[in-house]
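Biologist: Please pick one part of this model and take me through it closely. Then place that part within the rest of the chain.

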Amino acid sequence: MEGDEVMGEAQPAAGAKAATIEEKQYLLRFNADTQSHLHVMDTEVCMSSCPDKICTIFCPAEVYKWEEVRMHVGYEGCHECGSCRIGCPHQNIKWVYPKGGHGIVFRLG
(Lines give C-alpha, C1' and ligand atoms only; values in the text may rest on other atoms or scores of the structure.)
Protein backbone atom coordinates (compact mmCIF):
# COMPACT_ATOMS: atom_id res chain seq x y z
CA MET A 1 0.00 0.00 0.00
CA GLU A 2 1.34 3.43 -0.92
CA GLY A 3 1.33 6.11 1.74
CA ASP A 4 0.28 5.82 5.33
CA GLU A 5 -3.06 4.92 6.80
CA VAL A 6 -4.50 7.28 9.38
CA MET A 7 -7.82 6.45 11.07
CA GLY A 8 -8.86 4.13 8.24
CA GLU A 9 -8.14 6.57 5.42
CA ALA A 10 -5.26 6.13 3.01
CA GLN A 11 -2.95 9.12 2.89
CA PRO A 12 -0.89 10.06 -0.18
CA ALA A 13 2.69 8.83 -0.22
CA ALA A 14 5.35 11.37 0.63
CA GLY A 15 6.03 13.50 -2.44
CA ALA A 16 2.80 12.37 -4.18
CA LYS A 17 0.94 15.15 -5.97
CA ALA A 18 -2.68 15.74 -4.93
CA ALA A 19 -5.13 15.22 -7.78
CA THR A 20 -6.66 18.31 -9.33
CA ILE A 21 -10.43 18.73 -9.44
CA GLU A 22 -10.29 17.99 -13.17
CA GLU A 23 -8.46 14.72 -12.52
CA LYS A 24 -10.98 13.77 -9.85
CA GLN A 25 -13.90 14.63 -12.15
CA TYR A 26 -12.44 12.26 -14.73
CA LEU A 27 -13.33 9.44 -12.34
CA LEU A 28 -17.03 10.31 -12.60
CA ARG A 29 -19.53 8.90 -15.03
CA PHE A 30 -23.05 10.15 -15.64
CA ASN A 31 -26.26 8.43 -16.64
CA ALA A 32 -28.27 11.53 -17.52
CA ASP A 33 -32.04 11.56 -17.61
CA THR A 34 -33.86 13.29 -20.46
CA GLN A 35 -35.38 15.77 -17.97
CA SER A 36 -33.48 18.04 -15.62
CA HIS A 37 -33.58 17.54 -11.87
CA LEU A 38 -32.34 21.14 -11.44
CA HIS A 39 -34.59 24.12 -12.07
CA VAL A 40 -34.01 27.86 -11.84
CA MET A 41 -37.44 28.89 -10.65
CA ASP A 42 -37.44 32.52 -11.81
CA THR A 43 -34.75 33.77 -14.20
CA GLU A 44 -35.88 37.34 -13.52
CA VAL A 45 -34.52 36.94 -9.98
CA CYS A 46 -31.13 35.97 -11.43
CA MET A 47 -31.20 38.90 -13.81
CA SER A 48 -32.35 41.64 -11.45
CA SER A 49 -31.43 40.54 -7.92
CA CYS A 50 -28.23 38.53 -8.29
CA PRO A 51 -25.50 40.57 -9.97
CA ASP A 52 -22.74 38.08 -9.03
CA LYS A 53 -24.58 34.96 -10.28
CA ILE A 54 -23.04 33.13 -7.32
CA CYS A 55 -24.23 29.70 -8.49
CA THR A 56 -21.84 29.99 -11.43
CA ILE A 57 -19.02 30.22 -8.88
CA PHE A 58 -19.76 27.67 -6.15
CA CYS A 59 -20.97 24.74 -8.26
CA PRO A 60 -18.00 22.32 -8.46
CA ALA A 61 -19.33 20.81 -11.70
CA GLU A 62 -19.84 24.23 -13.32
CA VAL A 63 -23.43 23.24 -14.12
CA TYR A 64 -24.71 26.84 -14.09
CA LYS A 65 -23.68 29.24 -16.86
CA TRP A 66 -25.07 32.74 -17.34
CA GLU A 67 -25.74 33.38 -21.03
CA GLU A 68 -26.72 36.99 -21.82
CA VAL A 69 -30.23 37.08 -20.29
CA ARG A 70 -30.77 33.56 -18.99
CA MET A 71 -29.24 30.86 -16.87
CA HIS A 72 -28.22 27.71 -18.71
CA VAL A 73 -28.34 24.60 -16.52
CA GLY A 74 -26.20 21.69 -17.74
CA TYR A 75 -27.81 19.17 -15.40
CA GLU A 76 -26.19 16.23 -17.19
CA GLY A 77 -22.89 16.81 -15.36
CA CYS A 78 -24.34 17.49 -11.90
CA HIS A 79 -22.37 15.95 -9.02
CA GLU A 80 -25.52 15.88 -6.86
CA CYS A 81 -23.78 17.68 -4.00
CA GLY A 82 -26.77 19.97 -3.36
CA SER A 83 -24.66 23.09 -2.97
CA CYS A 84 -26.93 24.99 -5.36
CA ARG A 85 -29.95 24.15 -3.23
CA ILE A 86 -28.44 25.75 -0.15
CA GLY A 87 -26.06 28.25 -1.75
CA CYS A 88 -28.45 30.36 -3.82
CA PRO A 89 -28.97 33.52 -1.74
CA HIS A 90 -32.47 33.90 -3.22
CA GLN A 91 -33.52 30.24 -2.84
CA ASN A 92 -34.24 30.32 -6.56
CA ILE A 93 -32.92 26.87 -7.47
CA LYS A 94 -35.03 23.76 -7.07
CA TRP A 95 -32.82 20.69 -6.64
CA VAL A 96 -34.12 17.14 -6.34
CA TYR A 97 -32.42 13.79 -6.74
CA PRO A 98 -32.50 12.46 -10.30
CA LYS A 99 -34.96 9.67 -11.03
CA GLY A 100 -33.81 6.23 -9.98
CA GLY A 101 -31.04 4.82 -12.11
CA HIS A 102 -29.99 8.26 -13.37
CA GLY A 103 -27.40 10.78 -12.25
CA ILE A 104 -23.81 10.48 -11.16
CA VAL A 105 -22.02 7.14 -11.04
CA PHE A 106 -18.81 6.97 -9.03
CA ARG A 107 -16.07 4.66 -10.17
CA LEU A 108 -12.89 3.86 -8.35
CA GLY A 109 -9.39 4.10 -9.75
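Modeller: Along the sequence, the elements of the protein chain come in the order β-β-α-β-β-α-α-β-β-α-β-β. That is four helices and eight strands. Both are DSSP runs, numbered from the N terminus: helices are H or I with at least four residues, strands are E with at least two. This is a predicted model, so local features need pLDDT of at least 70 and side-chain atom pairs count only at pLDDT 80 or more, while totals for chains, interfaces and linings use all residues. Residues are numbered from 1 along each chain as its sequence is written, and side-chain values use heavy atoms, with hydrogens and water left out.

Strand β5 covers residues 64–67 and runs antiparallel to β6, with four bridges joining the two. Two strands count as paired if DSSP finds at least two bridges between them. Within this pair, K65 stands opposite H72 of β6. Two residues lie between the strands of the hairpin, and E68 takes a positive phi near 55° there.

Now the faces. Strand β6 spans residues 70–73. M71 and V73 form its covered face, whereas R70 and H72 form the uncovered one.

The charged side chains come next. Two salt bridges are found in the structure. The term means a side-chain nitrogen of Lys or Arg within 4 Å of a carboxyl oxygen of Asp or Glu. One of them joins R70 to E67, with the closest N and O atoms 3.8 Å apart. R70 is partly exposed at 44% relative accessibility. E67 is partly exposed too, with a relative accessible area of 38%. Here buried means under 20% relative accessible area, exposed over 50%, and partly exposed in between (1.4 Å probe, protein chains only).

K65, the residue opposite H72, has a salt bridge to E62, at 3.8 Å from N to O. K65 is partly exposed at 38%. E62 counts as exposed, with a relative accessible area of 51%.

Next, the cysteines. The structure has zero disulfides. A disulfide would need a pair of cysteine sulfur atoms within 2.5 Å. For C50, the closest cysteine sulfur is that of C88, and at 6.2 Å it is too far for a bond. C78 is in no disulfide either; its nearest cysteine sulfur, in C84, is 6.1 Å away. C78 is buried, with a relative accessible area of 7%. C50 is buried as well, at 11%.

On to helix α4. This helix takes in residues 83–87, G87 among them. G87 is partly exposed, at 29% relative accessible area. Leaving aside neighbours within four places in sequence, G87 is in contact with I54 and F58. Contact means heavy atoms within 4.5 Å. G87 and C59 are 28 residues apart in sequence, yet their C-alpha atoms are 9.0 Å apart in space.

Last, the whole chain. Among contacts with a separation of 6 or more, 62% are between residues 24 or more positions apart. Buried residues make up 26% of the 109 residues. The accessible surface comes to about 7,800 Å², and 53% of that belongs to carbon and sulfur atoms. Areas come from the Shrake-Rupley method with a 1.4 Å probe; for residues, only the protein chains shown count as cover.
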